[in-house]
Amino acid sequence: MAFKQITSPHAHASQNTSKVMQLVVWATVPGLIALTYHFGWGSLINVVLATATAVIAEAAVLQLRGRSIAFYLRDYSAVLTAVLLGLALPPLAPWWVVVVGTLFSIVIAKQLYGGLGYNPFNPAMVGYVILLISFPIQMTTWITPLALLPDGVSHPGIIESLSIVFAGLNPADGVTGATPLDSFKFSDGLLVDQIYAQNPLFSQAGFAGVGWEWVNVGFLIGGLILLGSKIFTWHGPVAMLGAIAVMSILFWDGGSSDSPGSALMHLFSGASMMGAFFIMTDPVSSAASNRGRLIYGALIGVLVYLIRAWGNYPDAVAFAVLLANFAAPFIDNYTLPRTYGHIDRRRATEKEEDQ
Amino acid sequence: MKTWVTPGGVHPPENKHQSLTLPIGTLPLPEKLLIPLSQHIGAAATPCIEVGKKVLKGQVIAHATGPVSVPMHAPTSGTITAIEHRPIAHSSGMLAPCIEITSDGRDKWKKHEGIADYEHASPSTLLKAVADAGIAGMGGAGFPSAVKLNPGRQRPIHTLIVNATECEPYITADDSAIRERAAEIIEGIGILSQILGNPSNILIGIEDNKPEAIAALEPLVLDTGIRVASFPTKYPSGGEKQLIYILTGKEIPSGDLPADIGMVCVNIGTTYAIKRAIVNGEPLISRVTTMTGDACGINRNYDTLIGTPVSHMLAHSEFNEQACSRLVMGGPMMGFSLTSSDVPIVKTTNCILAPSYDEIPDDEPAQACIRCGMCAEACPVSLLPQQLFWYSQADDQERLEAHNLFDCIECGACSYVCPSNIPLVQHYRHSKGEIQKARAEKIRSDHARERFEFHQQRIEQADKDKEAKRAARREAAEQAKAKAKAAPDSAAAGGNPMGGSAADIIAAAQARAAAKQVSPEQQQAKFERSIAGAEMRVQMAEEKLATASDSSTDEQKNILNAAIEGAKQKLEQAKARLAEHVEQQNGEQVD
């Protein structure tokens with residue numbers, strides 16, 4: 001009798017990469033619901049449009065590279081990149097913003113580097129940063145949260161939203177406005193208490209900023225689901241959020257007009273939670289070991305805070321993540337775990353002669 | 001009892017209940033048994049029987065070759081029908097020398113008995129018995145037990161660990177053996193302790209998924225000093241390094257052996273074999289092997305003769321070949337696939353797994369590594385498998401070594417959890433092989449370079465020496481010339497200043513050679529002297545015999561007679577040599 005020759009181990013856990021990607025996509029749903037509730041249909045349109053673009057672009061490049069389209073599309077990595085980019089873009093952004101950003105993410109940042117597993121930078125964040133630098137006006141036009149819309153004004157319906165996105169219709173007055181991080185940054189000369197009293201984004205908020213706080217809570221919930229499913233370890237997100245908290249406590253000067261804001265505001269504003277659980281946890285472009293991910297996460301947290309507090313941009317997750325991507329291989333060299341039977345951890349750059 | 005927790009590890013479905021519903025069974029005697037000469041780590045055994053010879057059960061058919069080797073014994077009585085290369089149970093499916101025995105159906109033992117009063121036997125006696133019984137570690141590696149149990153005086157053993165972990169899914173060989181043979185196992189542990197000089201700490205490490213086995217052991221270890229340590233089930237807790245850490249909290253330094261930190265770890269099946277060898281005088285010719293998997297109708301443990309073909313086992317277990325996705329020797333994590341079922345059960349075979357396609361489907365094609373790090377979370381020795389994979393693909397040997405590739409125990413936990421189905425362990429095996437090849441290559445090239453350099457140096461030295469000699473001669477000649485010029489008068493009076501003509505020199509040399517040689521006359525005198533001596537000795541011996549003839553025994557007379565004979569022979573020889581010499585001299589004179 002003849003049998004197949006197959007290398008051990010023979011048993012295999014039921015987890016696979018496609019399932020991991022799909023689970024991450026599903027885990028963005030609480031955040032997406034919060035975005036849609038507070039800011040209208042725009043985010044959903046972004047996500048759908050980005051996904052369609054990403055799948056077509058991925059298939060086209062795979063075709064050019066002579067790879068199996070079905071096999072690689074089934075890993076859902078292109079879908080995930082598109083969903084994350086769609087969520088990060090301002091709702092009701094023009095369609096070409098979404099398409100250009102997605103093409104950049106998939107074609108340049110991912111496939112030209114060799115496809116899934118070989119990209120040194122987070123593809124969604126590369127697309128986002130390219131857009132932010134190229135189209136600052138479109139990228140900084142945000143929608144007013146539901147609770148703060150003027151009387152008689154509502155978020156555009158689905159048809160109207162589509163016309164705004166695809167036909168360039170202008171949204172009604174009062175529908176667009178600043179984000180909490182924006183407002184805070186550009187409220188110079190006001191004490192923190194005054195900002196909180198005067199600006200409805202804060203005065204009507206529960207604990208951070210109207211609408212945004214719930215979007216962050218949504219991503220936090222999704223992130224905790226992923227953490228519970230052991231898709232990633234706690235090290236990266238905790239380090240990043242911890243670093244943001246520590247930085248904002250360190251530089252919280254009691255609420256002067258120069259204060260960069262409270263820890264609670266920083267943790268639950270902008271892309272903090274989405275960044276901590278969905279962006280910086282992209283394993284391909286992050287540090288490899290748990291210790292490395294602690295350093296990597298803390299670096300992102302510190303950079304996010306530095307740019308928010310003293311940089312030119314109100315939010316900074318994309319820049320911080322990309323800068324940390326640069327540092328990841330370096331971090332990896334010095335954060336090897338201590339192996340069984342060894343007295344000390346080693347350096348990845350160690351040569352045989354050094355021992 | 002306190003236990004420690006290793007990092008990483010996985011929890012694959014245990015699948016142990018299937019093979020535990022029936023007690024340990026025996027198979028009908030196979031018609032032919034095939035005993036590979038190498039079933040262990042170390043040198044292959046050397047056959048000591050010929051084809052056609054009849055052997056009895058338990059008879060030695062191959063000797064151990066050198067100290068790290070084990071002998072092989074006939075697992076049943078019958079006739080040796082072949083000694084040749086056959087496919088063996090090896091992951092490569094390679095051929096290796098084997099001895100084939102055709103059973104005579106009588107299963108007749110040779111005469112055997114254990115060591116009487118073994119409790120008072122010396123460790124060396126016991127060790128020899130263990131070595132003679134052909135016992136090699138039965139947990140999987142197959143290291144000769146007598147070598148392991150003899151770590152030497154400079155490494156005293158304070159802890160003996162008996163490995164009953166059996167952490168691989170499906171396998172229940174140790175579990176069932178403990179349930180049914182606990183008393184003999186404890187006796188075996190006692191013998192081990194005696195061999196090792198009674199270590200202060202004796203532990204049986206067992207996972208908590210074997211409550212029946214634990215219950216069987218516990219009453220027997222009361223008042224014996226042996227402790228049963230159970231700990232939470234997790235794969236791979238049964239690796240030697242892992243178990244030692246779990247039970248003692250100590251790590252074996254990388255590259256060292258447990259004995260280096262005063263510990264010895266022995267599989268529990270081996271302790272049973274040692275008991276049978278010492279107390280019953282039985283060599284290792286059978287072992288408990290689990291037959292399991294959904295492609296077999298019968299899942300149970302068999303007390304299997306070493307050399308039983310796997311096909312024989314399958315045939316008696318309602319095996320369905322069509323349903324079988326692969327045939328594995330060992331467990332689903334570290335076992336290797338068999339390409340043929342003709343290969344025999346060997347001393348290390350703890351399990352034959354014949355899974356269905358539902359249980360273990362064909363492998364999915366590998367996807368890209370996304371560095372998710374699940375492998376690093378699963379690694380029991382804290383490696384970074386994703387980085388090792390990366391560098392393995394790039395064949396970056398320096399990085400692989402810096403990432404401690406050689407500390408990988410190939411447990412397969414990383415591949416098990418890998419969501420991209422990457423056969424990580426296979427990559428590591430490949431890289432280990434490549435690095436070892438490169439190391440061997442380096443040693444060879446270093447050696448060659450050293451040899452070349454030495455050769456160069458030698459040639460240079462020789463040239464230098466020659467040059468120096470030449471220079472010395474030149475100088476001597478010049479000095480002589482100078483002298484000659486300085487004393488022209490003496491030169492005129494004595495002719496050539498160098499001491500005479502060429503003819504003179506040759507004559508002088510001949511004279512020297514002649515002086516060294518013995519003249520024929522002298523030679524003849526020498527021979528004559530030796531004849532005289534020999535005659536004297538014959539005479540003395542005869543006198544002795546004459547004086548002794550009355551009072552001496554026959555034996556003494558015989559000795560004296562022999563002496564006379566010897567002396568006479570010598571005399572004859574001396575005379576012959578003299579005659580020869582004289583003849584030669586005469587011949588030369590004729591010439």
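This is a predicted model: local features need pLDDT of at least 70, side-chain atom pairs count only at pLDDT 80 or more; totals for chains, interfaces and linings use all residues.

Chain A splits into two domains, while chain B is assigned three of them.

**Inside chain A**

- Domain 1 of chain A covers residues 16-177, and domain 2 of chain A covers 186-333.
- Going by C-alpha atoms, the centres of these two domains of chain A sit 21 Å apart.
- Where they touch, domain 1 of chain A puts in 31 residues and domain 2 of chain A puts in 28 residues.
- Together, domain 1 and domain 2 of chain A bury about 2500 Å², and 84% of that is on carbon and sulfur atoms.
- How many salt bridges cross between domain 1 of chain A and domain 2 of chain A? The rule finds zero.
- Polar contacts do turn up there: the count is two residue pairs between domain 1 and domain 2 of chain A, both at pLDDT 80 or more.

**The domain 1 side of that contact**

- On the side of domain 1 of chain A that touches domain 2, the elements giving two or more residues are α1 (17-27), α2 (29-39), α5 (77-88) and α7 (123-134) of chain A.
- The largest share of this side comes from α7(A), with seven residues.
- Sorted by class, this side of domain 1 of chain A has 25 nonpolar residues, six polar ones and no charged ones.

**Layout of chain B**

- Chain B is divided into domain 1 (17-353), domain 2 (363-451) and domain 3 (520-590).
- The centres of domain 1 and domain 3 of chain B are 69 Å apart, again taken over C-alpha atoms.

**Where chain B meets chain A**

- Here 69 residues of chain B are in contact with 51 residues of chain A.
- The two chains bury about 5100 Å² between them, with carbon and sulfur atoms giving 52% of the area.
- Three salt bridges are found across the interface of chain B and chain A.
- You can look up a salt bridge between the side chains of B:Glu251 and A:Arg338, at 2.8 Å from N to O.
- The rule also finds 39 residue pairs in polar contact between chain B and chain A, both at pLDDT 80 or more.
- Several elements of chain B give two or more residues to the side touching chain A, including α5 (240-248), β15 (336-337), α9 (385-394) and α12 (424-486).
- By class, that side of chain B has 31 nonpolar, 24 polar and 14 charged residues.

Methods: Residues are numbered from 1 along each chain as its sequence is written. Chains are lettered from A and ligands numbered from 1 in the order in which they are written. Side-chain values use heavy atoms; hydrogens and water are left out. Domain bounds come from an automatic or database domain assignment. Contact means heavy atoms within 4.5 Å. Buried area is the accessible area (1.4 Å probe) that two parts lose on being put together, summed over both. A salt bridge is a side-chain nitrogen of Lys or Arg within 4 Å of a carboxyl oxygen of Asp or Glu. A polar contact is a pair of N or O atoms within 3.5 Å; within protein, one must be able to donate a hydrogen and the other to accept it, and residues adjacent in sequence count only if both atoms are side-chain atoms. Helices (H or I, at least four residues) and strands (E, at least two) are DSSP runs, numbered from the N terminus. Ala, Val, Leu, Ile, Met, Phe, Trp, Tyr, Cys and Pro count as nonpolar, Asp, Glu, Lys and Arg as charged, and the others, Gly among them, as polar.
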